[in-house]
Amino acid sequence: MTPVRSATNRRRWIGSIAGLICFAPGNPQRHRFILSAIFLVVDKGYILLVDHINAGLWLPSGGQVEPNEDPRDTVRREVVEELGTAAEFLKEAPQFLTSRPSVGKDAQHIDVVLWFQLRGDRGAVLDFDRAEFHKVQWFLKDGLLQTRVVPELARFMAKLSAP
């Protein structure tokens, strides 16, 4: 596969993968790739993370991109379902792409994840999905020392801090 070098080509490529068919967990096929869109909600020097029941980790909220769904629409849908608020993108395009084996109870697939940033409000009351999360919590960007944080979070935070 040829590397995608320019920002324009990356956006075009990201748009093209939104239509990929993704195999859901529990599917008997051996090779499963699930395209997901997650979003880091930020408010000044703070980020919002969820204590995800299934994954057993603190991570940004998000979910699986449905067939023929634009990943931005996934973010819009998931922020309402999981946090009870509307999405306000800081940038429309994803700012990070990761791929790794999934974690948690359904760890039988490869997660291909598009990372987005949303504007948040620490003063807002969030009606989060208690069936999916133990709790949600704001963390200082610079003081995030949790041991149960999704590994890619540090790389994403470093990318956001880079000039």
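Predicted model: local features only at pLDDT ≥ 70, side-chain atom pairs only at ≥ 80, totals over all residues.
**View 1. The whole chain, for orientation.** Start with the overall layout: the protein chain has 3 helices and 7 strands. Of the 163 residues, 42% count as buried. The chain exposes about 9400 Å², and carbon and sulfur atoms supply 53% of that surface. As for contacts with a separation of 6 or more, 66% are made by residues 24 or more positions apart.

**View 2. The largest nonpolar core.** This core has 38 residues. Those with the most contacts inside it are Phe-39, Leu-40, Ile-47, Leu-83, Trp-115, Val-136 and Leu-153. Strands β1 (33-43), β2 (46-52), β3 (57-59), β6 (110-119) and β7 (133-140) are among the elements that each supply at least two core residues, and so are helices α2 (71-83) and α3 (152-161). β1 gives the most, with 7 residues.

**View 3. Leu-83 and its contacts.** Here's a closer look at one of the core residues with the most contacts. Leaving aside its neighbours within four places in sequence, Leu-83 is in contact with Phe-39, Val-41, Leu-48 and Val-50, among others. Its contacts also include Leu-126, Asp-127, Phe-128 and Val-136, along with Ser-61 and Glu-78.

**View 4. Strand β2 and its partners.** Why is β2 described as largely enclosed by the rest of the structure? Because 6 of its 7 residues are buried, with buried meaning under 20% relative accessible area. β2 pairs with β1 in the antiparallel sense over 3 bridges, and Val-41 stands opposite Leu-48 in β2. β2 and β7 also run antiparallel, joined by 6 bridges; here Leu-49 stands opposite Gln-137 in β7. With β3, the pairing is antiparallel again, over 3 bridges, and Val-50 has Leu-59 as its bridge partner in β3.

**View 5. Two hairpin turns.** Zoom in on the ends of β2 for a pair of turns. The hairpin of β1 and β2 has 2 residues between the strands, and Lys-44 takes a positive phi near 55° there. The hairpin of β2 and β3 has 4 residues between them, and Gly-56 in the turn has a positive phi of about 70°.

**View 6. Salt bridges.** The count for the model comes to 10 salt bridges. Side chains of opposite charge can pair when their charged atoms come close.

- Arg-77 and Glu-78 meet at 2.8 Å, N to O. Arg-77 is partly exposed at 23% relative accessibility, whereas Glu-78 is buried at 6%.
- Glu-88 and Arg-119 meet at 2.7 Å, N to O. This pair links distant parts of the chain, 31 residues apart: Glu-88 sits in the loop between α2 and β5 (96-101), and Arg-119 in strand β6. Glu-88 is partly exposed at 42% relative accessibility, and Arg-119 is partly exposed too, with a relative accessible area of 46%.

Finally, look for the network: salt bridges that share partners join Glu-69, Arg-77, Glu-78 and Glu-81 into one.

Notes. Residues numbered from 1 in each chain as written. Heavy atoms only, no water. Buried < 20%, exposed > 50% of the residue type's maximum accessible area, 1.4 Å probe, protein only. Contact = heavy atoms within 4.5 Å. Areas by Shrake-Rupley, 256 points an atom, 1.4 Å probe, with all protein chains shown as cover. Core = buried A, V, L, I, M, F, W, Y, C linked by side-chain atoms within 4.5 Å. Salt bridge = Lys/Arg side-chain N within 4 Å of Asp/Glu carboxyl O. Pairing = 2+ DSSP bridges.
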